[in-house]
Amino acid sequence: MGAALSLAARGRGRTSPNPSVGCVIVRDGVVVARGWTQPGGRPHAEAVALAEAGDAARGATAYVTLEPCAHVSSRGPACADLLIAAGVARVVSAAGDPDPRTDGKGLARLAEAGLATASGVRADDACAAMAGFLTRLAHGRPRVTLKLATSLDGCIARADGESRWITGAVARAHVHLERSRHEAILVGRGTWEADRPVLDVRLPGLESRSPVRVVLSRGPGAGDAIWIDSPSAIARLPGDHLFVEGGAGVASAFLAADLVDRLLLYRAPILIGGGRPALGDIGLGSLSEAHRRWTLTDARMLGSDRLEVYERRRCSPGS
């Protein structure tokens with residue numbers, strides 16, 4: 001299942017309106033095929049893996065990060081039916097499919113056809129991998145990642161606006177990797193007009209995965225970007241993952257609206273003093289409200305810079 005989860009990660013940011021799913025087919029202890037959801041959501045991971053396995057799928061075990069779908073779509077067949085037709089003997093799934101057209105029906109159909117089934121294997125990891133899809137399903141909006149690159153004293157620029165570069169080349173390359181995993185990227189009008197950012201992915205081999213550009217502004221705009229007038233308007237943006245990159249006003253607005261699900265904090269080993277702060281007012285009524293909101297999920301060094309990743313504490317992955 002770990003291998004299937006790794007495969008699912010390859011499709012993140014490219015499979016909307018479907019979640020990115022991974023599938024590994026094993027026969028006699030040997031991996032005979034792998035698959036993951038393709039761009040646009042089709043074909044599904046199981047279909048890709050079964051096509052690669054061919055006759056080797058007969059009698060094999062399929063490990064899938066999401067319950068195989070049970071509904072026939074104009075875009076493709078039901079994966080439960082494909083697994084049955086291929087002669088797969090056993091299906092192990094991580095998370096259940098919340099889509100009411102499947103939601104237990106996929107595993108039930110497999111069992112009725114005589115296949116052995118198991119579910120709930122690394123379910124939490126699967127839900128985390130599909131957090132964008134689950135957020136869209138639960139709240140009708142993409143999952144929001146906020147990126148902040150600051151000095152040790154919490155500044156994003158000198159007082160005169162100079163900000164290139166706060167962090168080093170390794171950290172900036174990591175930002176481009178993160179961009180490639182999101183369908184859309186957002187900045188404020190001030191950043192858009194002052195810096196004219198390209199907001200693309202400039203990593204070899206990933207250039208085609210540049211996100212759609214979005215600008216937050218109360219006034220009308222022009223240019224090759226989607227313009228929205230409030231954080232709540234992200235509901236109409238394409239995809240399940242939104243990368244919010246700047247500046248301080250935008251970051252504060254999204255935090256005040258409690259729309260940030262994941263925070264990437266890149267900190268450079270420099271002091272600026274008297275510079276521009278990373279955040280303005282985010283609407284806290286008291287200091288106590290600032291506590292117990294964020295959970296540290298990852299920390300690493302990127303060259304001389306430190307990255308810390310925080311997740312917003314909510315009651316479930318999709319809430």
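The largest cavity in this predicted model has a volume of about 80 Å³, the volume being the space filled by probe spheres set on grid points joined across faces, edges and corners. Here a cavity is a set of points on a 1 Å grid over the protein atoms alone where a 1.4 Å probe fits but cannot get out. The model is predicted, so local features need pLDDT of at least 70, side-chain atom pairs count only at pLDDT 80 or more, and totals for chains, interfaces and linings use all residues. Residues are numbered from 1 along each chain as its sequence is written, and side-chain values use heavy atoms, without hydrogens and water.

**The cavity**
- Searching the whole structure turns up one cavity of 30 Å³ or more.
- Its lining (residues with an atom within 4 Å of a point) has 15 residues, and T15, P19, S20, A129 and H241 lie nearest the centre.
- By class, four lining residues are nonpolar, eight polar and three charged.

**The sheet**
- Five strands (DSSP E runs of at least two residues) make an open, mixed sheet in the order β2-β1-β3-β4-β5.
- At the edges are β2 (30–36) and β5 (116–118), each pairing on one side only; pairing takes at least two DSSP bridges.
- Strand β4 (residues 90–95) runs parallel to β5, joined by three bridges, and R90 has A116 as its bridge partner in β5.

**The helices**
- Helix α1 (residues 2–10; helices are DSSP H or I runs of at least four residues) packs on the sheet, touching β1 (22–27), β2 and β3 (61–66), where contact means heavy atoms within 4.5 Å.
- Helix α2 (residues 45–53) lies across β1, β2 and β3.

Terms used:
Axes are lines fitted to C-alpha atoms, for helices over the stretch in contact, and angles run from 0 to 180 degrees between N-to-C directions. On a 1 Å grid over the protein atoms alone, a cavity is a set of points where a 1.4 Å probe fits but cannot get out, and a pocket is an open set with protein on both sides within 12 Å along at least five of seven lines; lining residues have an atom within 4 Å of a point. Ala, Val, Leu, Ile, Met, Phe, Trp, Tyr, Cys and Pro count as nonpolar, Asp, Glu, Lys and Arg as charged, and the others, Gly among them, as polar.
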